[in-house]
Amino acid sequence: GDEIVGVVLLSRLYTNTDDVTWMRANYLLDDLVSIDKHRSRSQAMITHWVMNPIFSCWSRFVMREIMRLYQKTILFYQGSRASFPPADITNEMTPVQPRQRLPVENIDDDLLMTRPTEYADGRMSSLFCLTKQHVSQRKVLVGTRVVVVGGGSSTFSILETLAFAHNTHLSNIYLVLEKAPDPWIPTRHSIKETFQSISCLTGCLSATISDEHTLQELYALGLANRVTLIRGRLRDIDRENRAIILWNDVAIEYDVLVLSTGMQDASSRNFESFHKVHPRQCAEYGLFGLGCMETEAAALRWVQRDSRPESGVETDDVVVYGSGIDAMAAVSRLLDHGVEASRVKWVLPAEVTADFGNEMIDELVSQALANSNINILHNHEVMDVSRAISGYVEGARVRSIARNDSRNDDYDDEGEVLECCSVLCCNRYLCNIDTFTAVNESGLVYDGGVVVDKDFRTTDPAIYALGSFTRFSRVHRYALPHSSFNPRELGVMVAKTILSRDISTSLPAESNSSSKKVRLPKMCQPRTVFVKLPGGINLASALLPGDHRELSPFVTGDLTTESVCALQVDQLGMIVEITCVSSSSIHLRNLSCAVGLHESYLNSAIFAYESGQVVDWLEFLNRDWMTAVCHDKFLPFVDALKKHMAFDMETQQFVDAVMDIAESTEEDGVIGGERRRLIGDRGGNIQEDCRRLVESLTLDFLRKNKVLLTKFNIPVLTTRHSSVPSRK
């Protein structure tokens with residue numbers, strides 16, 4: 001009777017009104033709890049939890065009794081990133097998903113960055129909560145073994161969706177990576193040391209993809225508490241026994257396997273001197289295929305002379321081979337890391353340095369790279385890589401690419417040799433060689449990429465594959481390349497498919513009828529890429545996936561201004577692409593949130609441009625109203641707005657008028673022009689009842705999310721009733 005079974009410490013110091021407001025601003029707490037219904041004194045933070053393992057199965061009972069005895073209606077737990085939370089906490093309490101960060105300029109810095117009462121690691125700590133309702137609704141424990149292989153752009157979005165599945169605890173999620181990300185390594189470094197907004201899996205010589213998870217997001221997600229990391233590389237897939245084999249002969253069994261390994265340059269396969277050499281061995285001699293995080297880190301150390309052995313090669317020059325934004329990123333990152341411009345030789349297999357569809361942007365990018373004093377060889381290709389007696393790279397044989405057929409008489413077949421100590425290739429990205437070998441030998445279909453169906457399942461229904469190395473079947477002639485998809489959106493979609501098909505047993509089985517027409521998924525979010533060019537020039541591009549034609553460009557700035565920004569809009573008013581070059585900072589989240597929306601959601605952007613109210617698109621998209629568009633609840637608000645307006649009589653008449661135009665013509669420009677004429681500039685022709693409906697729904701959205709939308713002056717409700725008028 002005197003035996004101590006556990007020790008639990010609670011504190012109200014960290015759950016005062018300001019702290020709870022901070023948690024609501026940084027985590028999706030309102031999605032789980034109606035926090036306004038919980039009094040401040042009825043909330044507490046679990047600061048310490050120690051339980052005898054024998055009584056661990058009674059931890060939920062202990063939490064319930066704590067809440068009963070001390071009259072608490074909600075308990076929180078937030079641990080330090082220097083240690084992992086107790087298993088009882090992760091198993092019984094509900095994890096709270098962190099919000100995607102808004103641009104710092106758009107909300108108060110203290111609300112975003114600093115917790116009012118200093119505790120744990122602030123925004124870089126995972127948060128858990130437990131209410132009386134959660135106590136009575138025990139989470140479903142699922143033992144399905146989900147193994148995710150590789151560090152592709154969509155890897156962490158898959159893990160996030162699986163780990164935060166509603167009322168479900170997946171106890172067997174595994175991540176196979178060669179190198180452990182920082183959140184899986186307990187550390188006691190200060191927060192400021194790692195608070196740079198860098199992607200966790202983007203290589204040090206690659207362009208930044210804004211929708212990849214940053215280190216801060218991974219710490220806040222607490223995936224290291226829920227996902228078991230296995231260090232290794234894929235060697236084989238045993239489909240019969242449902243197991244994967246790693247290079248160290250370790251076998252890992254799975255129920256669901258997800259391949260998300262990404263792409264790597266494969267130019268070395270075309271070089272006679274390295275034709276049959278594994279990319280990992282190529283890197284040991286100075287030939288690097290970019291696209292792999294470990295390879296890019298090794299390339300940078302080699303170029304910086306940190307890990308280069310005594311090779312007998314006298315020169316320190318570096319050859320970068322490739323074109324497009326990948327090559328620009330490699331060259332720029334080398335210069336950022338202190339590599340002298342005179343050492344860099346860029347072999348560019350194209351006639352122009354940049355081709356972004358806008359002459360001014362192309363010229364600014366070309367000038368920035370030319371002014372960096374690097375040696376650029378336009379319209380050249382690398383034929384082979386020469387090796388010294390020691391086997392290390394000592395030069396690259398390049399030749400000019402003929403403008404006409406390569407077999408003409410004037411074609412230079414000998415070329416010239418560029419002396420160098422290393423060659424960095426970013427010209428021909430293909431599936432990772434280890435993944436390709438495992439897929440090919442296991443009998444999965446590979447046709448220029450791992451072939452998947454509409455749910456991104458391979459020919460084996462237990463194996464999923466997603467990323468730039470996958471493709472749809474050739475039956476779909478006009479299918480988009482998967483490299484154009486938003487990685488976070490893609491990962492969420494695949495994870496939801498896994499939850500519904502492979503984990504949930506309540507859903508009916510899918511019909512295998514061949515007569516049913518297969519519809520490929522429609523991706524609605526843009527892919528946003530950022531590169532910092534030499535001279536402090538920032539380049540960003542956000543593009544919506546799809547075959548877009550007849551786009552209308554709206555450009556601000558010129559060669560003499562601080563920034564040039566081109567906004568591309570289709571004939572119906574949808575924003576398809578934004579490309580900008582600026583000497584000032586660019587908020588990528590603003591660009592990615594704007595692309596894919598109709599221009600009317602952006603404060604009638606086209607009307608503002610035509611009326612002279614827009615001087616710079618970057619400044620326009622950084623205004624206070626953009627905070628609402630970047631809010632994580634804005635798209636659900638748009639869907640709710642559409643549903644409410646579908647019952648409005650005036651809206652129905654307007655839709656009928658537009659549909660009549662659409663039946664008489666196939667020109668999107670005519671349809672878009674008629675729609676704009678009917679509505680008027682900024683909705684000037686809309687009647688009062690419809691306008692009031694839109695205004696009331698907008699005010700409801702602002703009130704529900706006022707914690708983050710602090711710069712809006714929201715009128716106070718004068719009645720107890722909802723501001724949304726009833727539909728008659």
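Biologist: At what relative accessibility does Arg280 sit, and does Arg280 count as buried, partly exposed or exposed?

Modeller: Arg280 comes out at 35% relative accessibility, so Arg280 counts as partly exposed. The cut-offs here are under 20% relative accessible area for buried, over 50% for exposed and partly exposed in between, with a 1.4 Å probe and protein chains only.

A quick word on the ground rules. This is a predicted model, in which local features need pLDDT of at least 70, side-chain atom pairs count only at pLDDT 80 or more, and totals for chains, interfaces and linings use all residues. Numbering runs from 1 along each chain as its sequence is written, and side-chain values use heavy atoms, with hydrogens and water left out.

Now the bridge itself. Arg280 pairs with Glu178 in a salt bridge whose closest N and O atoms are 2.2 Å apart. This pair links distant parts of the chain, 102 residues apart: Arg280 is in helix H9 (residues 279–283), while Glu178 is in the loop between strand S9 (173–177) and strand S10 (208–209). Glu178 has 26% relative accessibility, so Glu178 counts as partly exposed. For a salt bridge, a side-chain nitrogen of Lys or Arg has to be within 4 Å of a carboxyl oxygen of Asp or Glu. The helix and strand labels are DSSP runs numbered from the N terminus: H or I with at least four residues for helices, E with at least two for strands.

Glu381 and Arg399 form a salt bridge with their closest N and O atoms 2.7 Å apart. They are 18 residues apart, with Glu381 in strand S21 (residues 380–387) and Arg399 in strand S22 (residues 393–400). Glu381 counts as buried at 19% relative accessibility, and Arg399 counts as buried too, at 18%. Back at your arginine, bridges that share partners join Arg280, Glu178, Arg233 and Asp434 into one network. As for Arg399 and Glu381, a polar contact of 2.7 Å also joins their side chains. That term means a pair of N or O atoms within 3.5 Å; within protein, one must be able to donate a hydrogen and the other to accept it, and residues adjacent in sequence count only if both atoms are side-chain atoms.

The structure holds 26 salt bridges. One of them joins the side chains of Arg145 and Asp255, at 3.0 Å from N to O. Arg145 is in the loop between strand S6 (140–142) and strand S7 (146–149), and Asp255 is in the loop between strand S14 (251–253) and strand S15 (256–259), so this pair ties together parts 110 residues apart in sequence. Arg145 counts as partly exposed at 26% relative accessibility, as does Asp255 at 24%.

On to the rings. Phe, Tyr and Trp rings (the six-membered one for Trp) pair if their centres lie within 6.5 Å; planes under 30 degrees apart count as stacked, over 60 as edge-to-face and the rest as tilted. By that rule there are 18 aromatic pairs. Phe436 and Tyr446 make an edge-to-face one, with 4.8 Å centre to centre and 80 degrees between the planes. Phe436 is in helix H13 (residues 433–441), and Tyr446 is ten residues away in the loop between H13 and strand S26 (450–452). Phe436 counts as partly exposed at 25% relative accessibility, and Tyr446 counts as partly exposed at 25%. For Phe637 and Phe701, the ring centres are 4.7 Å apart and the planes are at 20 degrees, so that pair is stacked. Phe637 lies in helix H19 (residues 634–645) and Phe701 in helix H22 (residues 688–704), so the pair ties together parts 64 residues apart in sequence. Both of these Phe residues, Phe637 and Phe701, are buried. There is also one aromatic cluster formed by Phe554, Tyr609, Trp617, Phe620 and Trp625.

Last stop, a helix. Helix H11 (residues 324–336) has 13 residues and reaches 18 Å from its first C-alpha to its last, close to the 18 Å expected at 1.5 Å a residue. That expected span is 1.5 Å times one less than the number of residues. Its buried residues include Ala327, Val331 and Leu335. Just after H11, Gly338 takes a positive phi of about 90 degrees.
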